[in-house]
Amino acid sequence: MSAAALDSPRELPALDAVRTAGLIGLGSVGSGWAATYLALGYDVLAYDPAVDAAPKAHDFLRHAWGALDELGLTRARTPPLDRLRFAALEEVAAGADIIHENAPEQVVLKRETLAAVEGAARPDVLICSSSGGLPPSSIQRGLRSPWRVLVAHPFNPPHLIPLVEVIAGEATAPAAVDWAMALLRRLKKHPIRLDREMTGYLTNRLQFALLREAAHCVSEGVASPRSIEDAVKYGLGPRWAVMGSLTTLALAGGPGGMSRTMSSFAPAIETWWADLGAPYLTPELQQKLVAAADELTAGKSLDEWIAERDRRLVRLFCALSEV
Ligand SMILES: NC(=O)c1ccc[n+]([C@@H]2O[C@H](COP(=O)([O-])OP(=O)(O)OC[C@H]3O[C@@H](n4cnc5c(N)ncnc54)[C@H](O)[C@@H]3O)[C@@H](O)[C@H]2O)c1
């Protein structure tokens with residue numbers, strides 16, 4: 001497509017004028033966005049080709065609502081299902097003041113979906129993809145108005161986890177990123193802006209760096225799956241819930257902070273880094289990981305684990321807000 005065919009960036013609507021969110025794809029992530037918007041009094045228009053999308057979304061909202069209520073993120077005692085309306089993709093796009101695409105993680109499908117969305121959406125409406133790792137430059141390729149397309153990547157469960165990564169593609173207008181950050185803050189999210197595109201963005205890179213070593217330790221029989229789990233749950237996790245990994249490392253240096261950590265530990269850290277594993281997910285290792293997960297999750301159904309996770313997250317967030 002020639003540059004002349006591209007739409008120029010437009011002035012974006014006032015944030016106070018945003019009333020309706022348009023959600024394209026209402027699986028686990030789309031339903032999470034629906035819960036977030038409905039809780040704060042917005043209307044939601046949704047498109048999903050699955051025949052059972054509406055009853056599944058209603059079920060999700062009924063189960064999710066208690067946690068939103070306990071966290072004080074909504075004043076409605078029950079999910080306002082009358083403010084969630086399913087419609088055809090074009091109708092959703094045309095009626096929305098902000099659009100989130102939450103279709104399956106396939107770049108061609110996302111490009112085709114976004115092309116249909118931009119054709120029907122108001123020309124000043126931002127289009128966010130929830131992609132979990134596709135580069136936004138690749139998602140926006142071939143679109144007529146790529147300036148208004150970016151990635152706003154939430155984390156599971158999206159109605160409870162505050163973090164959203166905001167990533168611009170090559171053609172995204174800087175003002176579109178600013179607008180998305182401001183809207184996400186209004187949604188009581190904690191958006192972070194990435195300064196460049198990178199495979200897997202930022203948070204999944206951090207997460208999978210740790211998971212790679214966890215898989216290596218399972219593979220090498222360093223400790224039982226339960227002990228590998230407890231190392232994070234009782235050791236790293238609580239510290240990381242109150243401060244990030246860089247601050248934690250600085251505190252390890254005592255009064256000298258990070259400078260002292262570096263002067264004391266840099267050679268040791270490099271030795272540990274050099275020894276980290278880089279396992280391949282061979283059929284044998286995959287089998288070991290499946291067996292480890294089976295052992296750790298035995299005794300409860302998936303739904304029970306999800307409910308337990310959400311209950312614990314609510315308790316954690318309530319405790320953190322009192323600190
Ligand atoms: N699950 C996660 O933890 C997670 C976290 C962050 C981001 N993401 C990303 O969010 C997106 C959605 O993931 P999910 O976990 O909700 O998947 P999901 O499978 O739960 O939901 C996808 C939904 O998209 C619908 N769909 C299929 N084709 C479609 C189309 N052409 N247009 C619109 N909808 C269509 C499906 O019917 C389904 O309801 C993916 O890009 C994924 O990478 C997932």
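User: Is histidine 159 buried or exposed?
Analyst: Histidine 159 counts as buried, because its relative accessibility is 3%. Buried here means under 20% relative accessible area, exposed means over 50%, and partly exposed is in between, with a 1.4 Å probe and protein chains only. Keep in mind that this is a predicted model: local features need pLDDT of at least 70, side-chain atom pairs count only at pLDDT 80 or more, and totals for chains, interfaces and linings use all residues. Residues are numbered from 1 along each chain as its sequence is written, and side-chain values use heavy atoms, with hydrogens and water left out.

User: Where is histidine 159 found?
Analyst: Histidine 159 is in the loop between β6 (149-154) and β7 (163-168). Helices (H or I, at least four residues) and strands (E, at least two) are DSSP runs, numbered from the N terminus.

User: And what does histidine 159 touch?
Analyst: Not counting residues up to four places away in sequence, histidine 159 touches Gly32, Ala35, Thr36, Phe60, Ala64, Leu68, Leu73, Lys189 and Asp310. Contact means heavy atoms within 4.5 Å.

User: Which residues does a cis peptide bond join?
Analyst: Asparagine 156 and proline 157, with omega at about -5°. Proline 157 is also placed in the loop between β6 and β7.

User: Back to Phe60 and Asp310. Which pocket do they line?
Analyst: Both line the second largest pocket, which has 20 lining residues; Phe60, His63, Ile306, Arg309 and Asp310 lie nearest its centre. The elements giving two or more residues to this lining are α2 (53-70) and α12 (302-321). α12 gives the most, with eight residues. On a 1 Å grid over the protein atoms alone, a pocket is an open set of points with protein on both sides within 12 Å along at least five of seven lines, while a cavity is a set of points where a 1.4 Å probe fits but cannot get out; lining residues have an atom within 4 Å of a point.

User: What volume does the second largest pocket have, and what classes of residue line it?
Analyst: The volume is about 590 Å³. That is the space filled by probe spheres set on the grid points, which are joined across faces, edges and corners. The lining has nine nonpolar, five polar and six charged residues. Ala, Val, Leu, Ile, Met, Phe, Trp, Tyr, Cys and Pro count as nonpolar, Asp, Glu, Lys and Arg as charged, and the others, Gly among them, as polar.

User: How many cavities of 30 Å³ or more does a search of the whole structure find?
Analyst: One. The largest cavity has a volume of about 30 Å³, and Tyr37, Ile98, His100, Cys128, Ala152, Ala180, Leu183 and Leu184 line it. α6 gives the most to that lining, with three residues. By class, the cavity lining has seven nonpolar, one polar and no charged residues.

User: Nice. Which residues touch the most other members in the largest nonpolar core?
Analyst: Tyr37, Leu84, Ile98, Leu126, Leu150, Trp179 and Leu183, out of 43 residues in that core. Helix α6 (residues 174-186) provides the largest share of this core, seven residues. A nonpolar core is a set of buried Ala, Val, Leu, Ile, Met, Phe, Trp, Tyr and Cys residues joined through side-chain atoms within 4.5 Å. As for tyrosine 37, leaving aside neighbours within four places in sequence, it is in contact with Ala21, Tyr42, Val44, Ile98, His100, Leu183 and Leu187.

User: Changing topic: which residues other than glycine have a positive phi?
Analyst: Lysine 188 is one of them, with phi near 65°, and tyrosine 201 has a phi of about 60°. Lysine 188 lies in the loop between α6 and β8 (190-193) and counts as exposed at 53% relative accessibility. Tyrosine 201 is in the loop between β8 and α7 and counts as buried at 2%.

User: Last one: how many helices and strands does the chain have, and why does its radius of gyration agree with a compact globule?
Analyst: There are twelve helices and eight strands. The radius of gyration agrees because a compact globule of 323 residues would have a value near 20 Å and the chain has 22 Å. The radius is taken over C-alpha atoms, and the globule rule is 2.2 Å times the number of residues to the power 0.38.
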